Amino acid sequence: MDWPVSVALAQSVPELPTGTDWSYEVKLDGHRMIMWRTGDGVRLQARSGRDVTAVWGDLALAGHHLPAGTVLDGEAVITTEDGRISFEAAQARAASSPARARRLAVQRPAHYIAFDALQLPSGDVRPRPYSERRAALLSLLAELPANTPIQVVSATTDRDTALTWHTTLHHEHGVEGIVAKRTTSPYRAGRTGGWQKIRHAETVDADVIGYTGPQTRPRTLAVRLANGRTALTQTLSAPLAAQIAQVLVTARPAEQGCADTGETYTRVPSGLAVLEVLAGTTRHAVVTPLRLR
C-alpha cells in the first residue's frame with residue numbers, strides 16, 4: 001500500500017438505512033487519521049494526505065505496539081477532565097507546532113479510536129467485507145496492552161440501538177452522529193463505498209477552492225457547496241485559520257476567483273481540503289466554517 005492512502009467517506013442521509021446487512025458506528029468528533037505501522041516506526045496521515053506524526057507524537061508512540069505492516073483508519077480524539085471528547089482540543093493540537101503539541105500531549109493525551117483495518121501483516125484487506133475487517137480489527141486490538149490509547153469504535157448491527165445512541169449522545173458528549181456501513185462492503189476511497197451518516201447538526205461538507213487574506217493566515221475560505229453555489233465563509237477562528245494554513249502552503253496560489261456574490265479570492269486546486277460548514281440554501285445565505293475535514 002502506497003503512502004498516502006485515499007480514505008473512504010460517508011454520504012450524508014436524512015435517516016439511517018434499514019436491513020439486516022448494516023452495521024452502525026458512533027461518529028466521534030475528532031480528527032480523521034490513518035495510522036501506519038511500518039517496519040521501522042509509525043507514521044500518521046491526515047485525511048488530506050499530510051504527514052501529521054509530529055503533532056500527534058503520543059499516538060505515534062502507542063502505534064509501536066501494533067505489528068509491522070498494519071494500517072488502520074480512525075479518529076484522533078482528546079478528552080477533557082470531565083471525560084467529554086473535545087473537538088476544540090483536537091483542533092488546537094492539530095494547529096500547533098511540534099514543540100507546543102508535545103506540551104499539550106502532556107496536559108491532555110490523545111486517544112486513537114480505530115474503526116477500520118486497511119492492511120494487516122498478511123496484506124491489504126480493503127477488498128474484504130466490512131464484517132471480516134471489523135473482526136480482524138477487534139482481534140488485533142485485543143492483543144494490545146490494557147492501558148493503550150488505541151481503542152475500537154463502538155458499533156452495533158441493531159438499528160434500534162444505533163438510534164438510541166443518536167438520541168442520547170450529542171455534541172456535548174463529543175458525538176457527531178452515526179455512520180452506517182454494509183457488512184458485505186469492501187473499503188473504497190471517496191463516497192463510492194456506500195457509507196452513510198446522519199448528523200445531529202444541519203451541516204454539510206464543502207470543497208475548499210480558495211481563500212482571502214495571507215496564505216499563512218487566511219481570513220476566510222472560498223468553498224463550493226453541494227448545490228453548486230460558490231461562497232466565502234465567515235471569518236475563520238484563529239485555530240481553524242492556523243490549521244488550514246498548513247494545507248494552503250502546500251499549494252501554489254493561482255489566479256483570482258469570484259464567488260457568486262461578487263467577492264474575489266485566491267484560487268487553490270479543487271480537492272485540496274474539505275470544510276464542514278453550516279450553510280443556508282439561498283444565494284446570499286451565510287456560510288459558517290466549523291472544522292477542516
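Helices (H or I, at least four residues) and strands (E, at least two) are DSSP runs, numbered from the N terminus. This is a predicted model, in which local features need pLDDT of at least 70, side-chain atom pairs count only at pLDDT 80 or more, and totals for chains, interfaces and linings use all residues. Residues are numbered from 1 along each chain as its sequence is written, and side-chain values use heavy atoms, with hydrogens and water left out.

**Cavity**

- One cavity of 30 Å³ or more is present; on a 1 Å grid over the protein atoms alone, a cavity is a set of points where a 1.4 Å probe fits but cannot get out, and lining residues have an atom within 4 Å of a point.
- The volume of the largest cavity is about 510 Å³, a volume being the space filled by probe spheres set on the points, which are joined across faces, edges and corners.
- Its lining counts 34 residues, and Lys27, Arg32, Arg47, Glu75 and Arg293 lie nearest the centre.
- At least two lining residues come from each of β2 (22–28), β3, α2, β6, β10 (175–182), β11 (196–199) and α6 (238–248).
- β2 gives the most to this lining, four residues.

**Nonpolar cores**

- The largest nonpolar core has 31 residues; such a core is a set of buried Ala, Val, Leu, Ile, Met, Phe, Trp, Tyr and Cys residues joined through side-chain atoms within 4.5 Å, where buried means under 20% relative accessible area (1.4 Å probe, protein chains only).
- Leu44, Trp56, Leu59 and Leu72 have the most contacts inside this core.
- Elements giving two or more residues to the core include β3 (31–37), β4 (42–46), α1 (57–63) and β6 (110–120).
- β6 gives the most to this core, with five residues.
- Trp56 touches, among others, Met33, Leu44, Ala90 and Ala110, leaving aside residues up to four places away in sequence; contact means heavy atoms within 4.5 Å.

**Helix α2**

- Six of the eight residues of α2 are buried, so the helix is largely enclosed by the rest of the structure.
- These buried residues are Phe87, Ala89, Ala90, Gln91, Arg93 and Ala94.

**Five-stranded sheet**

- Five strands form an open sheet in the order β1-β11-β10-β2-β9, with mixed pairing; two strands pair if DSSP finds at least two bridges between them.
- At the edges are β1 (11–12) and β9 (155–156), each pairing on one side only.
- β2 and β10 run antiparallel and are joined by seven bridges.
- Leu28 stands opposite Val175 in β10.

Definitions and conventions: Buried < 20%, exposed > 50% of the residue type's maximum accessible area, 1.4 Å probe, protein only. 1 Å grid on protein atoms, 1.4 Å probe; cavity = no way out; pocket = protein on both sides within 12 Å on 5 of 7 lines; lining within 4 Å.
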